[in-house]
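Dear colleague,

I am handing over the structure below for your review. My findings follow it.

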Amino acid sequence: MRKKLIAGNWKMNKTPSEAKKLIAELKELVVNDSVDVCYCVPAIDIVPAVEAVKGTNVAIGAQNLYFEESGAYTGEISAAMLTDAGVKYVIMGHSERRGYFHETDADVNKKLKKALGHGLVPIMCCGESLEQRESGETFTWIRSQIKAGFDAVSAEDAAKVVVAYEPIWAIGTGKTATSAQAEEVCGDIRKFLAELYDETTADRIRILYGGSMNAGNAAELLAQPDIDGGLIGGASLKTDFGKIVNYDK
Ligand code: PEP
């Protein structure tokens with residue numbers, strides 16, 4: 001039985017002092033033993049955020065890491081730095097990083113392996129553009145992103161990965177995929193993972209939906225058999241996030 005994961009993606013929002021304030025505001029609202037909860041915060045917020053969630057059910061995630069171990073990579077953050085700071089999850093391959101910062105499938109694969117090597121839980125994003133959806137390329141595109149992301153990753157390691165299906169046309173647009181559209185793709189991702197690995201491994205991998213998930217649509221999306229949680233942008237910065245975490249109440 002896969003435990004649901006409700007992950008907030010704060011993107012480039014909240015200064016360190018604002019982060020502490022938001023975590024305090026959400027503290028009582030995000031208690032739900034039946035789900036895992038994490039906040040993927042900006043790099044500079046990681047240390048105070050880890051401190052602020054101590055003793056709660058919330059884990060902290062990062063929004064990026066670099067795939068080299070250490071060295072002359074000005075501006076980058078390593079997996080060892082994240083684990084030492086107390087980070088549990090790390091996002092990679094978000095469409096904003098693929099689009100604005102030219103993160104490629106090969107980068108995503110290297111980041112995924114580096115994260116796993118350091119005991120971090122990768123949240124690997126994939127998703128199609130509106131043009132790709134309209135021209136019927138969704139499934140081949142998503143499969144190609146999954147294939148590349150998981151390249152040379154063992155079944156044992158693959159089972160630890162979280163995949164986030166985030167249709168680009170639904171991110172930050174207020175346009176949510178219907179629960180049927182989201183389930184159709186998440187189900188195909190699981191089917192493809194079973195082809196790449198085996199059914200047992202595919203059944204262990206958590207697949208999240210992301211794209212304008214909010215307090216109003218979360219319960220229906222999260223009721224789908226292949227949707228194991230949400231990656232939530234805008235609504236993770238508001239007290240509404242507590243309602244998403246408690247979607248089953
Ligand atoms: C995201 O960026 O991961 C996301 C899902 O954003 P939003 O919820 O704002 O669409």
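In which loop is Ala 152 found? Ala 152 belongs to the loop between α7 (138-149) and α8 (155-158). Please note that this is a predicted model.

Most residues other than glycine have a negative phi. Ala 152, however, has a phi near 60 degrees, a positive value in a residue other than glycine. Ala 152 is exposed, its relative accessible area being 63%.

Ser 212 also is not a glycine and has a positive phi, of about 55 degrees. Its place is the loop between β7 (206-210) and α11 (218-222). Ser 212 counts as buried because its relative accessibility is 18%, and buried means under 20%.

The ligand sits in the second largest pocket. A polar side-chain atom of Lys 11 is 2.6 Å from an oxygen atom of the ligand. For His 94, an N or O atom of the side chain lies 2.7 Å from a ligand oxygen atom; for Asn 9, the corresponding distance is 3.4 Å. The ligand taken alone exposes 290 Å², of which the protein buries 95%.

Finally, helix α2 (residues 46-53) deserves a note. Ile 46, Pro 48, Ala 49, Val 50 and Val 53 are buried in α2, and the buried residues of this helix pack against α1 (16-26), β2 (35-41), β3 (58-62) and α3 (79-85). Just after α2, Gly 55 takes a positive phi of about 80 degrees.

Yours sincerely

Methods. Residues are numbered from 1 along each chain as its sequence is written. This is a predicted model: local features need pLDDT of at least 70, side-chain atom pairs count only at pLDDT 80 or more; totals for chains, interfaces and linings use all residues. Side-chain values use heavy atoms; hydrogens and water are left out. Buried means under 20% relative accessible area, exposed over 50%, partly exposed in between (1.4 Å probe, protein chains only). Helices (H or I, at least four residues) and strands (E, at least two) are DSSP runs, numbered from the N terminus. Contact means heavy atoms within 4.5 Å. A polar contact is a pair of N or O atoms within 3.5 Å; within protein, one must be able to donate a hydrogen and the other to accept it, and residues adjacent in sequence count only if both atoms are side-chain atoms. Accessible areas come from the Shrake-Rupley method with a 1.4 Å probe; for residues, only the protein chains shown count as cover. On a 1 Å grid over the protein atoms alone, a cavity is a set of points where a 1.4 Å probe fits but cannot get out, and a pocket is an open set with protein on both sides within 12 Å along at least five of seven lines; lining residues have an atom within 4 Å of a point. A molecule sits in a cavity or pocket if more than half of its atoms lie within 2 Å of its grid points.
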